[in-house]
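Hi,

Here is the structure I said I would pass on. Have a look at it first, and my notes on the aromatic rings follow below.

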Amino acid sequence: MNLEAYLSQRRRLIEEALKANLPGPQSYPPLIHQAMHYSLLAGGKRLRPILVLAAGEAVGYPAEGLLPAACAVEFLHTYSLIHDDLPSMDNDDYRRGRLTCHKVYGEAIAILAGDALLTEAFGLLARQVEAGSTPEATVAAVKELALAAGSRGLVGGQVVDLLAEEEEPDPRLVDYIHRHKTGSLIRACLRLGGILGGATDEQLEKLTRYGEDVGLAFQIVDDLLDILGDTAQTGKPVGSDLKKKKVTYPACFGLEESRRRAWELAERARRTAEELGERAWPLAALAHYVVDRQS
Ligand code: GRG
């Protein structure tokens, strides 16, 4: 199977599971459930859940058995996007090619939709036990996701990102922001797949290194797309980092050097995936997909 076919098959599986794990849009109180549907089912590449499944598959675990964890990371990712777009954060009007959650449902409901998705994410992850994971692996996965999403992970990265606005570009600062705001969740996806899939310590270490490299490469490319991308493809306006005086990779290193670093990280990740053997071919192919993407 080639990567395109793999991705569309996995996306189909994930879309169905996301719908099945969300309370219906008419569930009482409908407003919050409609807001959750609006943001969660608005498309999106579904890269993070795909990484969970591919990490599990790389260590011999069937993708279907990891769907609760895969949905959990997409719920959590969508919460972070809704909150990131709020007027008190990045104040964005468009996401995933449509108006942001607060533009449609108002700020209060958007905050609550994010809160609900974040909370439901941990409930879903706990349901890995029902999908066949051991209680020990499930608890380890819950701890992993909490650490990645909290003040020492995604939230910490967001805080430093907000504080750094208008500061001089600084390579150490941008590295911290990218590795936490974006990298920690991507790294956790690989580790969740590994932990729940029964990886050995050596396999888990390789998945972790792969996740760190791909996570950083992903955010460098996000910075590049904010300058060079096409709104029709990215689903959000270009040039917003510059307008908000964000600390980004291109601001620190320039376009060419940023591109070179992203490619180097992807190449190293590809080689790490190859060390995991034939079953890790989707991870190996995904490493370059992440840096070649246009959205
Ligand atoms: C307010 C409690 C509170 C917490 C804030 C919002 C937040 C915590 C952190 C923000 C993290 C964030 C939004 C990072 C940006 C990561 C990023 C590149 C998102 C875009 O991901 P894609 O391209 O999007 O995978 P799709 O739409 O394809 O899923």
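Which residue lies over the face of Y38? That would be R98, which sits 4.3 Å from the ring centre. Before you read on, please keep in mind that this is a predicted model, so every value here is computed from it.

R261 does something along those lines with F253: the arginine lies over the face of that ring, at 3.9 Å from the ring centre.

On to rings that meet other rings. The structure holds 3 aromatic pairs, and I'll walk you through Y6 with W281 and Y249 with F253.

The ring centres of Y6 and W281 are 5.5 Å apart, and with planes at 70° the pair is edge-to-face, because anything over 60 degrees counts that way. Y6 belongs to helix α1 (residues 3-20) and W281 to helix α15 (residues 281-292), so this contact ties together parts that are 275 residues apart in sequence. Y6 is buried, at a relative accessible area of 2%, whereas W281 is partly exposed at 29%.

Y249 and F253 make a tilted pair, 4.9 Å from centre to centre with 40° between the planes. Both are in helix α13 (residues 249-253), 4 residues apart, or about one turn of the helix. Y249 counts as buried with 4% relative accessibility, while F253, at 22%, counts as partly exposed.

Cheers

Key
Residues are numbered from 1 along each chain as its sequence is written. This is a predicted model: local features need pLDDT of at least 70, side-chain atom pairs count only at pLDDT 80 or more; totals for chains, interfaces and linings use all residues. Side-chain values use heavy atoms; hydrogens and water are left out. Rings of Phe, Tyr and Trp (its six-membered ring) pair if their centres lie within 6.5 Å; planes under 30 degrees apart count as stacked, over 60 as edge-to-face and the rest as tilted. Helices (H or I, at least four residues) and strands (E, at least two) are DSSP runs, numbered from the N terminus. Buried means under 20% relative accessible area, exposed over 50%, partly exposed in between (1.4 Å probe, protein chains only). A charge sits over a ring if NZ of Lys or CZ of Arg is within 6 Å of the ring centre and within 35 degrees of the ring normal.
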